[in-house]
Amino acid sequence: MNKTWLLIKTMLKMQYSNAGQKSSHVWLYVLSLLFLVPLLFIYITFMDQLIHILYDGLLPYGQESLLLGILFLSIHILLFIMSLVTVLGAFYFAEDIQSYISLPFHPYQLLIGKAASPFLYLYVTTIFVYLPIFFSYGSASGGPFLYYVYGIILFLLIPIIPFTIASVLLMFMMRFVNVSKNKDRSKIIAGIASFLFIILINILIRLNTNSNQMINELTRLIQEQDGLLEKMTSYYPPAYLSARILSEAQTWLGLLFFVFFLVLVIFAVLLFAWLGQLIYLKGVLGLSTGSKRKLSDEKINKKVRSRPVCVAYIIKELRIIFRTPTFLMQCIIQSLFGPIFIVVILMFDFGTGLSVEVLDVLTEKQTLLGLFLASFLMISTNVTPFTSFSREGKTWHTNLFLPLEPKQITFSKIAASWIINLLVLFLFLIVTLFVSIPVEIVLIWLVLILTASWFTSSFGTYLDLMQPKLYWTDEQELFKGRFIGLIGFLIEAGIIGIITIILWKTDAIQNVYVNSVILFVSLLICIFIINKLFHRKFNENTFQQL
């Protein structure tokens with residue numbers, strides 16, 4: 001056990017060490033905290049009010065436990081999706097795993113050590129999703145002391161089961177699928193397959209739903225105590241047990257359900273360690289070899305041709321992102337989750353009048369601002385610009401010997417991030433077709449969001465220039481232990497989000513064109529300021545000092 005703890009601490013120190021990096025820019029953290037505090041206050045206040053309203057509405061029917069079922073089912077699904085992405089990167093695609101194989105550790109110890117970093121992200125997610133709703137429900141229901149005791153213990157245990165399910169699925173896949181012939185392509189296929197698997201499940205659930213049958217079933221379940229809870233969580237026992245633990249916290253049934261859940265968690269941990277001991281290293285070793293492919297002179301001549309400098313550099317950036325499995329998963333696949341789920345929900349929606357209902361409720365101004373804010377938040381979470389310079393790694397200094405100006409390199413990196421954002425925006429454009437938004441609103445939105453995309457790409461690239469991480473041994477280090485992405489998102493969402501909300505709340509300005517002009521000018525001002533900051537960095541010869 002001591003060896004396992006030592007391995008966990010060593011891996012976490014190697015992952016999150018600040019050695020070789022410049023000191024943090026304090027003002028960025030202060031500015032991000034200034035935006036984080038009001039956003040958290042708004043989020044917690046909204047969730048508290050929502051839970052109280054829903055609780056009061058379900059209480060007369062004896063179905064208030066449904067809220068707990070929805071909470072635990074949602075958090076387990078979210079953590080399962082996150083685990084699919086993080087497990088692939090941490091267990092198999094991290095280059096440092098080869099360094100640990102020769103050390104005197106059992107496979108299950110290596111597996112537990114590599115699981116420490118993904119678990120940190122799962123716990124952070126659980127804090128923001130689970131805790132606010134848990135305390136709000138306790139306040140609404142007047143939960144006893146044992147409710148909070150069980151709830152805090154559940155907080156510590158929640159990530160284990162979805163993480164284990166994701167890990168077991170991926171360990172079997174990586175063990176029995178022959179991936180050694182083409183390492184990089186196999187990594188990419190594995191990542192995309194896990195993404196498509198989640199989408200397929202969502203589609204199958206919606207295709208098998210009959211609205212009339214569902215209404216009749218709901219009517220019957222409402223008449224039964226906790227009937228909705230049992231129906232919703234019947235296919236996933238951990239969510240049902242967790243909900244019953246809290247709803248029956250003051251009775252002996254709560255203790256009984258807690259014991260059952262604890263046994264389930266222990267079984268999951270033992271299964272994780274046992275399968276790790278059996279098949280984990282076999283799957284890792286299958287990735288350690290690759291195949292060499294020779295190109296003919298004819299193919300080489302086709303690939304080597306003259307291009308404008310910026311175009312060539314943009315293509316080079318895009319090829320690195322698309323051909324590196326970690327960059328592909330983090331920069332592209334992960335950013336497509338939200339928009340694709342929105343499209344799937346609209347395509348297989350239970351009702352048929354969604355577009356009419358949306359247009360009846362919202363004015364043209366609100367439709368434009370809502371669409372813009374939703375798409376802006378999506379592209380703000382894209383981590384591509386926040387790794388613009390860091391992706392170069394130790395090869396960055398090669399750029400100093402090439403006949404390239406800093407302006408050309410910077411423009412190409414911003415443009416590459418902007419092009420990747422087009423994938424997300426294309427999906428949002430599909431959404432506008434389902435909701436039947438007027439053409440003029442869509443055109444105005446396109447102009448605004450394309451401009452906003454350049455702003456987010458520029459700002460993220462600037463933040464990475466200020467604090468790049470060039471001395472990494474594994475691509476995962478660029479996305480773990482760095483808070484630049486979070487800081488950038490908070491500042492971007494804070495600036496543009498506040499402007500958008502002010503326009504939404506201002507009744508004096510109802511004209512959609514006036515609102516769009518104000519937003520457009522605000523974005524241009526932000527881009528102008530960032531360009532000035534870049535020019536100052538160019539004058540300070542920052543590129544030579546990286």
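Trainee: How are α20 and α21 oriented relative to each other, roughly parallel or roughly antiparallel?

Mentor: Start with the general idea. Two packed helices are described by the angle between their axes and the distance between the axes. This is a predicted model. In it, α20 and α21 pack at an angle of about 165 degrees. Angles over 145 degrees count as roughly antiparallel, so α20 and α21 are roughly antiparallel to each other. Their axes lie 11 Å apart.

Trainee: Is the crossing of α20 and α21 left-handed or right-handed?

Mentor: The crossing of α20 and α21 is right-handed.

Trainee: Which residues meet where α20 and α21 pack?

Mentor: An α-helix has 3.6 residues a turn, so residues three or four places apart point the same way. Now look at the contacts. From α20 come Ile495, Ile496, Ile499, Thr500 and Leu503. They meet Asn515, Ile518, Leu519, Ser522, Leu523 and Cys526 in α21.

Trainee: Which residues touch the most other members of the largest nonpolar core?

Mentor: In soluble globular proteins, nonpolar side chains tend to be buried together. Here the largest nonpolar core has 66 residues. Phe372, Phe376, Trp445, Ile449 and Phe455 touch the most other members. Several helices each supply at least two residues of this core, among them α14, α17, α20 and α21. The largest share, 13 residues, comes from α19.

Trainee: What does tryptophan 445 touch?

Mentor: Set aside residues up to four places away in sequence. Tryptophan 445 then touches Leu368, Leu371, Phe372, Ser375, Leu425, Phe428 and Leu429. There is also a second, separate core of 65 residues. Leu68, Tyr100, Ala166 and Val168 are included in that second core.

Trainee: Is threonine 126 buried or exposed?

Mentor: Under 20% relative accessible area means buried. Threonine 126 has 0% relative accessibility, so this residue counts as buried. Threonine 126 lies in helix α5, residues 107-141. Beyond its neighbours within four places in sequence, threonine 126 is in contact with Ile75, Leu79, Leu131, Phe155, Ile158 and Pro159.

Trainee: How many residues of helix α11 are buried?

Mentor: Eight of its 11 residues are buried, and α11 is mostly covered. Among the buried ones are Pro238, Ser242 and Arg244.

Trainee: What about the whole protein chain?

Mentor: The chain has 22 helices and zero strands. Of its 546 residues, 48% count as buried. The chain exposes about 27300 Å², and carbon and sulfur atoms supply 70% of that area. Take the contacts with a separation of 6 or more: residues 24 or more positions apart account for 86% of them.

Note on methods: Residues are numbered from 1 along each chain as its sequence is written. This is a predicted model: local features need pLDDT of at least 70, side-chain atom pairs count only at pLDDT 80 or more; totals for chains, interfaces and linings use all residues. Side-chain values use heavy atoms; hydrogens and water are left out. Helices (H or I, at least four residues) and strands (E, at least two) are DSSP runs, numbered from the N terminus. Buried means under 20% relative accessible area, exposed over 50%, partly exposed in between (1.4 Å probe, protein chains only). Contact means heavy atoms within 4.5 Å. A nonpolar core is a set of buried Ala, Val, Leu, Ile, Met, Phe, Trp, Tyr and Cys residues joined through side-chain atoms within 4.5 Å. Accessible areas come from the Shrake-Rupley method with a 1.4 Å probe; for residues, only the protein chains shown count as cover. Axes are lines fitted to C-alpha atoms, for helices over the stretch in contact, and angles run from 0 to 180 degrees between N-to-C directions. Angles under 35 degrees count as roughly parallel, over 145 as roughly antiparallel, 65 to 115 as roughly perpendicular and the rest as oblique. A crossing is left-handed if the near helix is turned anticlockwise from the far one by less than a right angle, and right-handed if clockwise.
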